[in-house]
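Please open the model in your viewer, keep a selection panel at hand, and follow the stops below in order.

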Amino acid sequence: MANKELLLVILVTLVVGISVVVAITIFREMNNESNKDAIRQEMLYGASNAQSYYFRSTALGGGGGDFTNIGYKDIGIDTLGYNGYYFILNASVTSFTMSAITRDRLDTIAATVTKNGLSWN
């Protein structure tokens, strides 16, 4: 009888251990996806502010139909945010690229912003 009980205890310990490992892995993956979703949301917010900047006259602190001199202050995003690191790249008259690196530095998200919208790269 003692051998059966010991075998049962070992089996239960293995099942619980495997369950804990699987749960931790799933939690970590969902946390990474949540972080990427938050970055995309901040980039959408920045794109909206960028479009406002584009259409605002230079006399009022806007671009006057030009993205060339757009900065982080204009889009309302800091370079180092809670969710990641943000960059403005390839600013031209008609568009610019926003890029972000996740907190864990494993993923990069990029989007091109124009006066008409945003497209994910």
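Begin by selecting Asn90, which counts as exposed because its relative accessibility is 61%, where exposed means over 50% relative accessible area, buried under 20%, and partly exposed in between, with a 1.4 Å probe and protein chains only. Asn90 lies in the loop between strand S1 (84-89) and strand S2 (95-102), and its phi is positive, at about 50°, although Asn90 is not a glycine.

Before moving on, note that this is a predicted model, in which local features need pLDDT of at least 70 and side-chain atom pairs count only at pLDDT 80 or more, while totals for chains, interfaces and linings use all residues. Residues are numbered from 1 along each chain as its sequence is written, and side-chain values use heavy atoms, with hydrogens and water left out.

Next, select Arg105, in the loop between S2 and strand S3 (108-114). Arg105 also has a positive phi, near 60°, in a residue other than glycine, and with a relative accessibility of 59% Arg105 counts as exposed.

Now turn to helix H1 (residues 2-55) and select Ile39, which is placed in that helix. Is Ile39 buried or exposed? Ile39 counts as buried, since its relative accessibility is 0%. To see what surrounds Ile39, display its contacts, a contact being heavy atoms within 4.5 Å: leaving aside neighbours within four places in sequence, Ile39 touches Asn83, Gly84, Tyr86, Ala100, Ile101, Thr102 and Ile109.

Finally, zoom out and colour by secondary structure. The protein chain holds 2 helices and 4 strands, where helices (H or I, at least four residues) and strands (E, at least two) are DSSP runs numbered from the N terminus, and the order from the N terminus is α-α-β-β-β-β. The radius of gyration, taken over C-alpha atoms, is 24 Å, well over the 14 Å that the globule rule (2.2 Å times the number of residues to the power 0.38) gives for 121 residues, so the chain is more spread out than a compact globule. Along its principal axes, the C-alpha trace spans about 90 × 20 × 20 Å.

With the whole chain still in view, 28% of the 121 residues count as buried, and residues 24 or more positions apart account for 42% of the contacts with a separation of 6 or more.
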